[in-house]
Structures are given as C-alpha cells and as structure tokens.
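Colleague: I have not seen this structure before. Would you take me through it, one question at a time?

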Number of protein chains: 2
Amino acid sequence: MSEKGLLIVLSGPSGVGKGTVRQKMVESKLFEFQYSVSMTTRKPRPGEVDGEDYYFTTKDKFKEAIANGKMLEHAQYVDNFYGTPLTPVKKMLAEGHDVLLEIEVNGAMKVREKMPDGVFIFLTPPDLMELKDRITKRGTDAAAVIEKRMAQAKVEIMMMENYDYAVVNDKVENAVNRIKDIVSSEHVRVPRVIDNYRKMIKEN
Amino acid sequence: MSEKGLLIVLSGPSGVGKGTVRQKMVESKLFEFQYSVSMTTRKPRPGEVDGEDYYFTTKDKFKEAIANGKMLEHAQYVDNFYGTPLTPVKKMLAEGHDVLLEIEVNGAMKVREKMPDGVFIFLTPPDLMELKDRITKRGTDAAAVIEKRMAQAKVEIMMMENYDYAVVNDKVENAVNRIKDIVSSEHVRVPRVIDNYRKMIKEN
C-alpha cells in the first residue's frame, strides 16, 4: 500500500533534552525518517555544514521566504531568524518518508496549524524539580534566568494539552523506544489508512 | 503516577485470526493485561473450565444480567447467549490493569458506545482473497456460507472506520508486535495523562 509519510514533531520545554533524544533517535537506527534541516540567518559555527546543520541564508532572503509562505514556522531570537522551510518537508512526506522536526513549543503550535495531520510529541521532564536541576547543572545561567525558565516551563507543560503524546524523558533510551512505538502505531491509525482499505474493497 | 488501565478491544471480520492473535499475545509475555472472560449459556465442552474459558450460566440468569445493565455487550447465536460481564472489566481497569477483549465487530461497537475511552483495534486480512482462502481451508463450510461470509467481510471492513487502528494480520508475530506498539503509545496519549501533569504543576 502506498502511504504518505508521517510528520513527527518532537517538542518540549527548554532543558528537557529534545536535542539529545533526536540525536539518539538517529543513532539508534530504529527509525526510517528524514530529518528536516532548519534555515537560519546566524553565521555558521566552526564545523557546521550548510544544508546539513542548517541552511544558512541572509535576512533579506529569509524575510522573502516568510512573505511568500515558504516557511512552515519561524522565530526570531535576539537578532537572528530560525525556521523550517516548507517545500522540502512536503516533498519528503509525499515520497512516503517520515519526517522528524525537533522544535520548541511555539514553533510546534505553528506547525500544528499548518499540518494538523502531524504526530505531535511533547517531551516531558520526570518532574519540574529535575528540570530545575538540569538547567542549574548547565552552569551558564544566572538565577534570574533559571527562575524565568521555570515559570516558562510551567506554561509549556500546560501547553501539553495541544499535543498528541507526552513522553517522559527519564532516560533517553526509554524516550526513544516510546517514540518508536508511537511512530509504529500512528502508521496504522484508521484515519491514515482507511482510504487504502476502501480502495481494496472496490477492487474485489 | 497512578493510571487507569487501558481497555484494549481486539476485533475484526470472522476468519481473520482474532483468536490466534489473542493467544499469541498471551504467550508472548510482551503484555501485562488481564483477559476478560466471557459469559455464555452454552454447555461447557470437554476440558473447558468455568471462570477461565467462560463463565457458564443459565439463560434466566443471563437475561437477568442484561436487564440489570450488567453486560458490557452480548449477542445471541442460534439458541445461546454470549457476552462480556461489565463488573470484572471495570474493576480491573480501576486497579490499573490493562484489559483485553477479543470480540466480533457488532459486540465491539456496543462496547465503544459504553466505553469510548477504549482502544479499538481492527484486525484486517492482507486482502479479501486471502480471507476467502482461509475460510475455504477450514473446509467445514458450504459454498453458500462462504459467499455469505465474504459479503459480510466487506461490510465489516467498511466498519473499520469506527476503530482507532487497523492492524494487518499478515503474520501473527507482526500483528502482535504492532499491537504491543499501540498499547505502549496509547499509555502516553495526552488525553489519558494530562490530569497527572496538571497535578504535578500544582504541586510545584
């Protein structure tokens, strides 16, 4: 049966370990997905490869892409733009590939508006205190920043209700295995496959 | 986190192999569920144990249970009643156990009305011709019976749209593994867990 790919959106509060989980998903070889490369206006860091780590571009070109509806989502941090170009995502899905987006919560909600068929996974800290621990251990943030992040995390956890699944990131391996199960089960959800079966009945 | 168990309803057209999949699910040790024992008015066959294979009862008592709303679903075949007693199912779910029901499609739809939170899995033959092969190989049915079953199967496949998942029973092991993934992912669906998280935020 020919089937469209799944758009898998991995999100969650800052500090929860989205990047680590995504990296482990790639390394584990448990998945067959293509990873969506983000576009940014910030300068490449040493070792970063254009088209692999990011698509690096200018502010003018990024703004043009937004104006032309060619960004699935985008955000501005400090003085730079970051976002997901729409065309490569749509192409990969149409070819039957699952596509993974790792993205912060505001971006994920924008994606949900444009692609409600996606599978929206919220990565959750085992509890808020552990989130606080992790942020503290990073050691780069001032107390005020930590408090602000905690408040934001509460808001973000309340945002969980806009997601399909809440996966606890107690251990990266557990989270990766659960996401594998989610992807497997979403591939056989009736609204995704019913048209193929209707066709099968007609052919008999 | 304390959590209610999942009601897992395994259904599908006759001849698709529901019983074999259920048996393999039990043997595989991949699941931690309790199996709902049906009630029937037919006589026990040699070796069948009351309370294990079925709850064996009289027609009067069965009719009384229906009248008192104590059956989750029931059906009449020829001259006997078969059905699922409600009380043990509710008790097991409340205790946090997943409960498996293997049931034909009409019964499954009745369960859906009473327990919409259940996970409804439709077991599907790889194609209708294979279903025909399987029924023929049983060798106990006349051609007219086979034709009738085929027509019924088409109706049942159209019923698939009332289910959450459509699992192809190409190989029993594949079906069992897919159901394992479905159960795992359903345990972290946001509508099932959101209340636990809301509580967590309040506690911080």
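Modeller: Let us begin with one pair of residues: I8(B) stands opposite L100(B) in β7(B). Please bear in mind throughout that this is a predicted model.

Colleague: To which strand do four bridges join β1(B) in that region, and in what sense do the two run?

Modeller: The partner of β1(B) here is strand β7 of chain B, residues 98-102. Four bridges join the two strands, and their sense is parallel.

Colleague: In β8(B), which residue is the bridge partner of S11(B)?

Modeller: Strand β1(B) is also joined by four bridges to strand β8 (residues 119-124) of chain B, and these two run parallel. Within β8(B), the bridge partner of S11(B) is F122(B).

Colleague: How many of the residues of strand β1 of chain B are buried?

Modeller: In a regular strand the side chains alternate between the two faces of the sheet. From β1(B), L7(B), V9(B) and S11(B) point one way, while I8(B) and L10(B) point the other way, and all are buried. The strand, residues 7-11, is thus mostly covered, and the number of its residues that are buried is five of five.

Colleague: Turning to the open sheet of chain A, what is the order of its four strands?

Modeller: Strand β3 (residues 39-40) of chain A is joined to β4(A) by two bridges, and the two run parallel. Six bridges join β5(A) to β6(A), and there the strands run antiparallel. The pairing in this open sheet is mixed, and the order is β4-β3-β6-β5.

Colleague: Why is one side of β4 and of β5 of chain A left without a neighbour in the sheet?

Modeller: β4 (55-56) and β5 (71-77) of chain A stand at the edges of the sheet. One side of each is left without a neighbour because each has a single partner strand.

Colleague: Which residue in the turn between β5(A) and β6(A) has a positive phi?

Modeller: The bridge partner of M71(A) in β6(A) is P85(A). β5(A) and β6(A) form a hairpin with two residues between them. The residue in the turn with a positive phi, of about 50°, is V78(A).

Colleague: In chain B, what angle does the direction of α2(B) make with that of β6(B)?

Modeller: Chain B has an open sheet of four strands in the order β4-β3-β6-β5, with mixed pairing. Its edge strands, β4 (55-56) and β5 (71-77) of chain B, each pair on one side only. α2(B) packs on the sheet, touching β3, β5 and β6 of chain B, and its direction makes with that of β6(B) an angle of about 45°.

Colleague: How are the rings of F31(B) and F33(B) arranged: stacked or tilted?

Modeller: A pair of aromatic rings is described by the distance of the centres and the angle of the planes. The structure holds twelve aromatic pairs over all chains. For F31(B) and F33(B), the centres are 5.4 Å apart and the planes stand at 50°, and the pair is tilted.

Colleague: How is the pair of F62(B) and F81(B) classed, and how many residues apart in sequence are the parts that the pair ties together?

Modeller: The ring centres of F62(B) and F81(B) are 5.2 Å apart and the planes are at 20°, so the pair is stacked. F62(B) lies in helix α2 (residues 59-67) of chain B and F81(B) in strand β6 (residues 80-85) of chain B, so the parts tied together are apart in sequence by 19 residues.

Colleague: Which residues have the most contacts inside the largest nonpolar core?

Modeller: In soluble globular proteins, nonpolar side chains tend to be buried together. The largest nonpolar core here has 40 residues. Leaving aside neighbours within four places in sequence, the contacts of I121(A) include I8(A), L10(A), Y163(A) and I179(A). The residues with the most contacts inside the core are M25(A), I121(A), I179(A), M25(B), I121(B) and I179(B).

Notes. Residues are numbered from 1 along each chain as its sequence is written. Chains are lettered from A and ligands numbered from 1 in the order in which they are written. This is a predicted model: local features need pLDDT of at least 70, side-chain atom pairs count only at pLDDT 80 or more; totals for chains, interfaces and linings use all residues. Side-chain values use heavy atoms; hydrogens and water are left out. Rings of Phe, Tyr and Trp (its six-membered ring) pair if their centres lie within 6.5 Å; planes under 30 degrees apart count as stacked, over 60 as edge-to-face and the rest as tilted. Two strands pair if DSSP finds at least two bridges between them. A nonpolar core is a set of buried Ala, Val, Leu, Ile, Met, Phe, Trp, Tyr and Cys residues joined through side-chain atoms within 4.5 Å. Buried means under 20% relative accessible area, exposed over 50%, partly exposed in between (1.4 Å probe, protein chains only). Contact means heavy atoms within 4.5 Å. Axes are lines fitted to C-alpha atoms, for helices over the stretch in contact, and angles run from 0 to 180 degrees between N-to-C directions.
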